[in-house]
Amino acid sequence: PAATTAFWTALGFRVGDGSPDGPPYLLAVREGAELHFRSLPEVDPATSTASCYLSVGDRDGTLDALHAEWAPLAVWADPLPRLEAPEVKPWGLREMTVVDPAGTVVRLAGSG
């Protein structure tokens with residue numbers, strides 16, 4: 001929880017623990033977007049195929065603006081955490097991928 005909180009806070013989210021009396025359930029909020037994180041110790045991030053998909057519209061260059069804001073931050077490493085630049089995918093959507101220190105994959109998608 002501490003690494004997840006520090007990472008998403010560095011990306012401009014306000015992060016709080018939604019269940020202070022139980023296992024951590026983190027809520028990360030930024031400009032109307034809300035991401036929820038809970039620990040699943042039985043899931044191996046290296047082999048999990050789960051991810052989160054967040055539509056951001058992108059009429060105003062949201063993906064490019066977020067990438068420009070986040071890319072210079074000193075939070076990125078190889079292999080984790082990782083930031084992939086926005087690109088148009090074969091299915092026509094522009095997408096950018098963020099993988100946090102716990103291996104959580106968040107894909108942000110615009111409209112092309």
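The largest pocket is lined by 23 residues, and those nearest its centre are Arg38, Val43, Ala102, Gly103 and Thr104. The structure is a predicted model, in which local features need pLDDT of at least 70 and side-chain atom pairs count only at pLDDT 80 or more, while totals for chains, interfaces and linings use all residues. Residues are numbered from 1 along each chain as its sequence is written, and side-chain values use heavy atoms, with hydrogens and water left out.

Rolling a probe the size of a water molecule over the atoms shows where empty space is left. On a 1 Å grid over the protein atoms alone, a pocket is an open set of points where a 1.4 Å probe fits, with protein on both sides within 12 Å along at least five of seven lines, and lining residues have an atom within 4 Å of a point. The volume of the largest pocket is about 720 Å³, a volume being the space filled by probe spheres set on grid points joined across faces, edges and corners. Strands β2 (25–30) and β3 (33–38) each supply at least two residues of this lining, and β3 gives the most, with three residues. Helices (H or I, at least four residues) and strands (E, at least two) are DSSP runs, numbered from the N terminus. By class, the lining of the largest pocket has 15 nonpolar, seven polar and one charged residues; Ala, Val, Leu, Ile, Met, Phe, Trp, Tyr, Cys and Pro count as nonpolar, Asp, Glu, Lys and Arg as charged, and the others, Gly among them, as polar.

The second largest pocket holds about 240 Å³ of space. Its lining includes Phe13, Arg30, Glu31, Leu54, Leu66 and Trp70. Two or more lining residues come from each of β4 (52–57) and α2 (62–70), and α2 gives the most, with four residues. Eight nonpolar, two polar and two charged residues make up the lining of the second largest pocket.

In helix α1 (residues 2–10), the buried residues are Thr4, Phe7 and Trp8. They cover an arc of only 90 degrees around the axis, which puts them on the same side of α1. Their packing partners are β1 (14–17), β2, β3, β6 and β7 (105–110). Just after α1, glycine 12 takes a positive phi of about 95 degrees.

Strand β6 (residues 94–99) contains threonine 97, which counts as buried because its relative accessibility is 6%. Leaving aside neighbours within four places in sequence, threonine 97 is in contact (heavy atoms within 4.5 Å) with Arg82, Leu83, Glu84, Val105, Val106 and Arg107. Arginine 94 is also found in strand β6 and counts as buried, at 14% relative accessibility. The side chains of arginine 94 and aspartate 64 are joined by a polar contact of 3.0 Å.

Glycine 32, by contrast, lies in the loop between β2 and β3 and counts as exposed, at 77% relative accessibility.

Technical notes: Buried means under 20% relative accessible area, exposed over 50%, partly exposed in between (1.4 Å probe, protein chains only). The arc is that of the directions from the helix axis to the C-beta atoms. A polar contact is a pair of N or O atoms within 3.5 Å; within protein, one must be able to donate a hydrogen and the other to accept it, and residues adjacent in sequence count only if both atoms are side-chain atoms.
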